[in-house]
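Here is a briefing on one protein structure. Look at the fold as a whole, then follow the points below.

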Amino acid sequence: MISLSKPVIGKKELRSAIEVMKSGFLTQGSKVRELEEKMAELTGAKYAIAVNSGTAALHTALYSIGIKRGDEIITTPFTFIASVNSILMLGATPVFVDIDPATYNINPLKIEAVISRKTKAILAVNLFGQTADFGKINKVAKAHHLAVVEDAAQSIGAKYQKGVSGNLADISCFSFYATKNIMCAEGGMITTNNYDYYRRGVCFRNHGQEPDRKYEYSDIGYNYRMTDILASIALAQLEKIGHTTEKRREIARKYTQKLTQLEGLITPYESHGNYHTYHQYTIRVTNDCKRSRDKLKDYLFQKGIQTGIYYPKPLHLIPHVRKAMKRNYFLPVSEMASRHVISIPIHPGLTMKETDYVINSITNI
Ligand SMILES: *Cc1c(COP(=O)(O)O)cnc(C)c1O
């Protein structure tokens, strides 16, 4: 089976995890600090806070910017559930805006129409490894005094014009989940240039405890701390980010070159000035294709090729999310995308022979 994604685990990851375990200090310590420094360096952000998942990063970031019960947050329905669960965790209300069919990211031109007196922030997601259109998003946010949060779980290493993912908004969130471009099994990171957000985040990660005053609590908090064992794995991964991202881009170029010509398939679109990191290589199977998306998925499975559907249901149609919504939505682009998208194997370990096999299998339908 050719797998959809696969972590690249080298000697360095194995050796450094063992070293930490042998040292006897396992929890949040010097390795976590080192990872925070490296992420600040990579993104150019002033501050970084390591946490134990991307979801924890989003929850912490929204808390840090002051989101409270009843606040409205504008976001996309075409994302992983964690983006919206983090809004619900704080008792806030998601307000959905449809996506751009070319990039699958939130359509910035549709944001202004849904801003209300209760709107506090825009949570934009960089889906599949390409950043949202932060030029337009930040402009509308500024005009209405809204905070902007970047869900960068899928876009580590991505670039937008002169900016870098993790430094395109007021606060950004990464995930180091096993399938992400940089991983340590489970983990997350927040980056920001705002000192107040940073301070609030650091407390929230550790039971609300003030970092330099033990057993003094500024507010409720969680145990969202990362371990040094996992930080050492993420550090080893980060050393290779340039190479592993280029490998993904090389595979993507090859796919696009061959698959673009096929009728009924729409290959990913890289916006001008963007550096897409291809966390997923996602194509759209339109009604002009000889097989439906689901038939194509079954066919590729029989050929020994694993695929994924990200995402089969837009979030405004998920029951627990609907309960928190103030109204119903009809978001035709997201609903169409959910029916038509399929992600095909892409990871740095995929060989050129395997890439050709995937291309040939799709071409032969
Ligand atoms: C993976 C992911 C998350 C959540 O990250 P975890 O580390 O799995 O908690 C959030 N948002 C998006 C877009 C993701 O892909």
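How many bridges join strand 4 to strand 5, and do they run parallel or antiparallel? The answer is 5 bridges, and the two strands run parallel. This is a predicted model: local features need pLDDT of at least 70, side-chain atom pairs count only at pLDDT 80 or more, and totals for chains, interfaces and linings use all residues. Residues are numbered from 1 along each chain as its sequence is written, and side-chain values use heavy atoms, with hydrogens and water left out.

**The whole chain**

- The protein chain has 12 helices and 13 strands. Helices (H or I, at least four residues) and strands (E, at least two) are DSSP runs, numbered from the N terminus.
- The radius of gyration is 20 Å, close to the 21 Å that the globule rule gives for 365 residues, so the chain is as compact as a globular protein of that length. The radius is taken over C-alpha atoms, and the rule is 2.2 Å times the number of residues to the power 0.38.
- The C-alpha trace spans about 65 × 55 × 35 Å along its principal axes.
- Buried residues make up 56% of the 365 residues. Buried means under 20% relative accessible area, exposed over 50%, and partly exposed in between (1.4 Å probe, protein chains only).
- Take contacts between residues at least 6 apart in sequence: 70% of them join residues at least 24 apart. Contact means heavy atoms within 4.5 Å.

**Strand 4 and its partners**

- Two strands pair if DSSP finds at least two bridges between them.
- Glu72 has Thr119 of strand 4 as its bridge partner. Ala124 is partnered by Glu150 in strand 5.
- Strand 4, helix 5 (residues 134–143) and strand 5 make a right-handed β-α-β unit. Right-handed means that, with the strands pointing away from the viewer, the path from the first strand over the helix to the second runs clockwise.

- Three strands form an open sheet in the order 10-12-13, with antiparallel pairing. Strand 10 (265–266) and strand 13 (341–344) are the edges, each pairing on one side only.
- Strand 10 pairs with strand 12 (residues 281–285) over 2 bridges. Here Leu265 stands opposite Val285.

- Ala50 sits in strand 1 (residues 47–51). Ala50 counts as buried because its relative accessibility is 0%.
- Ala50 and Met226 are 176 residues apart along the chain, yet their C-alpha atoms are separated by 6.2 Å.
- Beyond four places in sequence, residues touching Ala50 include Val32, Tyr224 and Arg205. Arg205 is one of the buried residues in helix 6 (residues 195–205).
- The buried residues of helix 6 pack against several elements, including strand 1 and helix 2 (30–43).
- At the start of helix 6, a side-chain oxygen of Asn194 comes within 2.9 Å of the backbone nitrogen of Asp196.

**Glu13**

- Glu13 lies in helix 1 (residues 11–23). Glu13 counts as buried because its relative accessibility is 2%.
- The side chains of Glu13 and Lys240 make a polar contact at 2.8 Å. A polar contact is a pair of N or O atoms within 3.5 Å; within protein, one must be able to donate a hydrogen and the other to accept it, and residues adjacent in sequence count only if both atoms are side-chain atoms.
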